[in-house]
Every structure is written in structure tokens, then in C-alpha cells.
Amino acid sequence: MARPRTAATPRRGAMVQSKDRATSSVAARRAVLKRISDEGIEHVLFWFTDLEGHLKSFAITPSEMKGALDDGMGFDGSSITGFNRIEESDMVAIPDPSTFQVMPRATDEHGHEYGSKVARMICDVVKPDGVPYDGDPRYVLRQALERMRKLGFDTFNVGPELEYFLFEDDKDTKTLDEGGYFAMTAQDAATEVRNDTIHALETVGIPIEYHHHEVAPSQHEIDMRYADALAMADHCMTYRLIVKEVAAWHGYYATFMPKPLFGENGSGMHTHMSLFKRGRNQFFDAKDEHNLSDTAKSFIAGLLVHAREMSAVLAQWVNSYKRLVPGFEAPVYVAWSQRNRSALIRIPLYKPGAEQATRAEIRCPDPACNPYLAFAALLHAGLEGIEKGYELPDEMTTNLYRLTEGERAERGIVALPGSLGEAVEAMAGSELMQKALGEHIFPRYVELKRREWNEYRVQVTEWEKKRYLSSL
């Protein structure tokens, strides 16, 4: 675990000069200090993520906050997965004042809150000289957004739909109900858990559009209102923590594991995307039969062309590929359509007057990804399509699961990787993913995922013992 310590004095001038301090105005920092004082905050959590999207956190006291806002807080980067080696391990976490939020607290049976009053801030990670650290996933997303701006767009809006399961504990997969999609309250044992989760999310500034029971037993979905990609990646990290904490308050365990139950649907993170310029959606064209602009078509074509290369980031775990199989509503084949949910990319139907809502939805990501890297990869793939003028193939209206392998080959339809091992090798040879993740993260990420795959593939599973032990 990272060991927090205050940044050394010689670093301070460099800290203030960091290019990524644009949002850290004097007024914003003063507003944070005022809220800490006015609201009686006892601790402030500084958050950032490792390469795989695990949330990392350390706490500081209010008395240290002024210096931390000005200069950041130092920590040992060699203890963070994918960060620097021990001989170059000094890192500094710079808190983003715009992300300051007071965290929700548990309540007793009378509705009274208890526990310490804690706030959190999401950090950018920099080197001791103040230069942004290229191993920071948040910086990778910032770089993707900078490429977008250079191409003339100003906003990449993202709306992910994170699904998750609630179990009795973290030792087994005993479900709380047998409800299905949009199950009524009587079949949905966790309605109150979801209600409390929504309240907690809204208290930290995350607007919620709707929520419901999902297809599998004890599976749920709470949908956040779309936001720009950086804010949404921050929201996703907060969402995952709050979902787990509220479940724990109720005595349950929440998991974002993509496929915890055999024979049931897994948990996805269908992600809606659109590009804006000066407040106008650049994906909409009233004259097109699908209401898609040339920009949208090239963006979607980029997602399709690079889908296999991105897979190891959008679905980054061995278990992710237990979800990405035919028959469980998860996409497997690289194609696009308006209504066909067997396709990788879906275009939600246009409603008159809702031009701003025109968007593309990619259905392969799962909620256990690193959202900073996932959104960066998606944006780079789409921009690659725009920059190089990729042409969108014909819409696929046929149920792809019903086609034979030969019929899919005739139509030029390829499948997503069938395993993490296949996905990593597709990524390893990708120039786009090297560009998206950068010189630091790309090789380390490939190494991490190859190691995970190799550890998994040599395991002897219970399925193998039952299948072979008595007959071979």
C-alpha cells in the first residue's frame, strides 16, 4: 500500500507550475478549505487508481490540507501496481479541487448518521518535478481528450450503464432473490438497498437517471446521467465504492465481477458516447437515414476496426470472457445496428426533437474495467476513424447468433477475442493502443495481463476434475 508523506520543500515551486493545475485556482482551493472548516470534516481521502483500476486512497487531516492543495502529497509509487520501480518511486498526488465531495455515512435504525465525517478528492499523479506522470490512468484520459480538442471537438460525453450483483457475503454467490429484468418489488429483495445507494450517490454529486433489477437473479443496474469523460471516469470510481459500501451497511456484498454465476447473464457496462462542439452534438444529421453524421459514422467505424485491439482494456480480466459468449445478451461479433442487440455497437433510435441525444452504444465493456483507460481507448479508436476517414460498413440487421461461422465469414464479420490471452496478444501488436496508453502504461499493462492469463491457464479446475478424473 502507498505510504503517504508530505512533499519535500524543494518540490513546491514545481508543483505550482504543473500544467495540469488549471482547475486548481486559488479561489477553488480556498473554497475547499472553507467547506472543510464549515462542515466539520475530520479526514480527507486522496484517491487515484492503479493500472487495473483498483482505487487507491490515503487520508490526511484538515491541518495538512492547505499545504496539500498547494503542493500535493508524496507517496511511494513502487508499491502501486504498474507504477515506477523502487529506484524512481517518488510520486506526488495533486488533489483536483473540483472533485471535493463529502462522503455519505451509514445511519442507524433511527436514521441518525454515525462515524467520522470524511471527504474525498480525486488526484492527478505527477513526478517530483511537477511533470504529469504518464503512468497515471487519469493522465492517459486527459491526453485522449487533448487529441480530441486538436481535432476540433470540445466534449466527449459518456454514459456507462454499470451492472452488479448483490450476494449474501463475499465467500459464496448465494443470491438474495430470483427476480428477473424489471422485476416488481415483491421479487426484488434489494429495492431498499438500491434506494439507499441512489441517495448516497446523489449526495456526492452524481445524478441518477433510473434504476432497476437486471436479468439475472440478484443483479442490479443504477444508471448515472451522462457527463464528460473525465468527470464520468471519476464518477465510476465513486459509484463502485459507494455501491459496495451501501451493500455492506445492509449486511450484503456487492460485486462487479463480470460473470459470477454460471448459466446466468453477466454484468456489463454498456457505454453510450457522443462528441460535441460548442454545445452541439456532432453525431446528428437530419438528412441521413440513421440520423448519423459523417463524423459519427467514422467514429463508429473506428470502434469496429479496433474492437479486438481494445478488448483487453474494455474487458480486462480472465472472468470477463466468461461473459462474452453467445446466448447471454453479451455482444461477441463486431458489427453495428440500430435495433439488433446481438451487434457490438447499437445506435439508439432517434426521437424527434432529441438531436442532442444521438449517440453510439458499445456493449462489450464490463464494470470491472479501469474507466480512465477504457474511455481513453474508445475515444482514440473513434478519433482514429475520423482522422483517417474510415468507412462504416453496412448495418447488420440479422441476428448474428443465428448465422453460421461461414455466413459470418462471408459478411466479413469477426468475433471479439474468446479469452484474455487472445485479447492481450491482439492488443500487444496494436499501434493504436500504444498511442492510447502511452509508452509507460502500454508495456506494463500487456505484461500484467499476460501474467494473469498464464497464471489462470495452468490451473486445474473443478470442472476438469469432474470431467476427466474418473474416466481417464
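Author: On a 1 Å grid over the protein atoms alone, a cavity is a set of points where a 1.4 Å probe fits but cannot get out; a pocket is an open set with protein on both sides within 12 Å along at least five of seven lines, and lining residues have an atom within 4 Å of a point. Grid points are joined across faces, edges and corners, and the volume is the space filled by probe spheres set on the points. This is a predicted model, in which local features need pLDDT of at least 70 and side-chain atom pairs count only at pLDDT 80 or more, while totals for chains, interfaces and linings use all residues. Residues are numbered from 1 along each chain as its sequence is written, and side-chain values use heavy atoms, with hydrogens and water left out.

Reader: How many cavities of 30 Å³ or more does a search of the whole structure find?

Author: The search finds one. The largest cavity has a volume of about 60 Å³.

Reader: Which residues line the largest cavity?

Author: Its lining consists of Trp47, Phe48, Thr49, Leu55, Ile122, Cys123, Asp136, Arg138, Met237 and Tyr372. For classes, Ala, Val, Leu, Ile, Met, Phe, Trp, Tyr, Cys and Pro count as nonpolar, Asp, Glu, Lys and Arg as charged, and the others, Gly among them, as polar. On that scheme the lining of the largest cavity has seven nonpolar residues, one polar and two charged.

Reader: Which element gives the most to the lining of the largest cavity?

Author: Elements are DSSP runs numbered from the N terminus: helices (H or I, at least four residues) and strands (E, at least two). Strand β2 gives the most to this lining, with three residues. Both β2 (43-49) and β7 supply at least two.

Reader: Arg138 is in that lining. With which residue does Arg138 form a salt bridge?

Author: Side chains of opposite charge can pair when their charged atoms come close. The rule here asks for a side-chain nitrogen of Lys or Arg within 4 Å of a carboxyl oxygen of Asp or Glu. By this rule the count comes to 24 salt bridges. Arg138 pairs with Asp96, with the closest N and O atoms 3.3 Å apart. That pair links distant parts of the chain, 42 residues apart: Arg138 is in helix α4 (residues 137-150), and Asp96 is in the loop between β5 (90-95) and β6 (101-102). Arg138 also meets Asp234 in a salt bridge (2.7 Å, N to O). Here the partners are 96 residues apart, with Asp234 in helix α6 (residues 229-249) and Arg138 in helix α4.

Reader: Are Asp234 and Arg138 buried or exposed?

Author: Buried means under 20% relative accessible area, exposed over 50%, and partly exposed in between (1.4 Å probe, protein chains only). Both Asp234 and Arg138 are buried. Arg138 has 3% relative accessibility, and Asp96, at 4%, also counts as buried.

Reader: Which residues are linked with Arg138 in a network of salt bridges?

Author: The network links Asp96, Asp124, Arg138, Arg142 and Asp234. Within it, the side chains of Arg142 and Asp124 meet at 2.9 Å, N to O. Arg142 lies in helix α4 and Asp124 in strand β7 (residues 118-126), so this pair ties together parts that are 18 residues apart in sequence. Arg142 is buried at 17% relative accessibility, and Asp124 is buried at 6%.

Reader: Now an open site. How much space lies in the second largest pocket?

Author: About 570 Å³. Of the 19 residues that line it, the closest to its centre are Phe262, Lys322, Tyr456, Thr461 and Trp463. Helix α14 gives the most to the lining of the second largest pocket, with four residues, and α9 (320-323), α13 (431-457) and α14 each supply at least two. By class, this lining has nine nonpolar, four polar and six charged residues.
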